Amino acid sequence: MNLNKGDDLPKTIIVYTSKLSASCGYLNFKIGEEFQIYLSSISYFNYRYKKANLKSKNYNGYWTNICSRTREFNTKEDQQLKSLIKN
């Protein structure tokens, strides 16, 4: 699944992150809360896929980490992002 900025997301997507904050994992997800999640189809753990002989293209999901600006939902940022999509 390839998406571009501004595309509508499917109802359900898989989001991967490391289990460890030391590996840049985003650990602040809470059930029932809304988040602004910045996603990449490319794993920042690609070196592990190569080591295990796995191909990241076989995984149907997206990656995020603490350096991607992922955070709890913020109305002001949401409005700014929507204005960028319109331009």
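R69 counts as exposed because its relative accessibility is 53% (buried means under 20% relative accessible area, exposed over 50%, and partly exposed in between, with a 1.4 Å probe and protein chains only). The model is predicted, so that local features need pLDDT of at least 70 and side-chain atom pairs count only at pLDDT 80 or more, whereas totals for chains, interfaces and linings use all residues. Residues are numbered from 1 along each chain as its sequence is written, and side-chain values use heavy atoms, with hydrogens and water left out.

**Overall architecture**

- The chain has 2 helices and 4 strands, which follow one another from the N terminus in the order β-β-α-β-β-α (helices, H or I of at least four residues, and strands, E of at least two, are DSSP runs numbered from the N terminus).
- Of the 87 residues in the chain, 20% are buried.
- When contacts between residues at least 6 apart in sequence are considered, 60% of them join residues at least 24 apart (contact means heavy atoms within 4.5 Å).

**Surface**

- The chain exposes about 7,100 Å², of which carbon and sulfur atoms supply 51% (accessible areas come from the Shrake-Rupley method with a 1.4 Å probe, and for residues only the protein chains shown count as cover).
- A nonpolar surface patch is formed by V15, F29 and I37, which together have about 200 Å² of accessible area.
- Patches are made of residues with over 30% relative accessible area and no salt bridge, joining like charges within 9 Å and nonpolar side chains (Val, Leu, Ile, Met, Phe, Trp, Tyr) within 5 Å; a salt bridge is a side-chain nitrogen of Lys or Arg within 4 Å of a carboxyl oxygen of Asp or Glu.
- I37 belongs to the loop between β2 (35-36) and α1 (46-51), and I37 counts as partly exposed because its relative accessibility is 32%.

**Cysteines**

- The structure holds 0 disulfides (a disulfide is a pair of cysteine sulfur atoms within 2.5 Å).
- C24 is in no disulfide, its nearest cysteine sulfur being that of C67 at 4.5 Å, and this separation is too far for a bond.
- C24, in the loop between β1 (15-16) and β2, and C67 are 43 residues apart in sequence, yet their C-alpha atoms are 7.1 Å apart in space.
- C24 counts as partly exposed at 28% relative accessibility, whereas C67 is exposed with a relative accessible area of 63%.

**The loop between β3 and β4**

- S68 lies in the loop between β3 (62-63) and β4 (71-72), where S68 counts as buried because its relative accessibility is 18%.
- The side chain of S68 makes polar contacts with the side chains of T64, at 2.9 Å, and T70, at 3.0 Å (a polar contact is a pair of N or O atoms within 3.5 Å; within protein, one must be able to donate a hydrogen and the other to accept it, and residues adjacent in sequence count only if both atoms are side-chain atoms).
- R69 is also placed in the loop between β3 and β4, and has a positive phi of about 75° although it is not a glycine.
- Most residues other than glycine have a negative phi.

**E77 in helix α2**

- E77, in helix α2 (residues 75-86), is buried with a relative accessible area of 5%.
- Polar contacts link the side chain of E77 to the side chains of Y38, at 2.3 Å, and R69, at 3.0 Å.
- With neighbours within four places in sequence left aside, E77 is in contact with Q36, Y38, R69 and R71.
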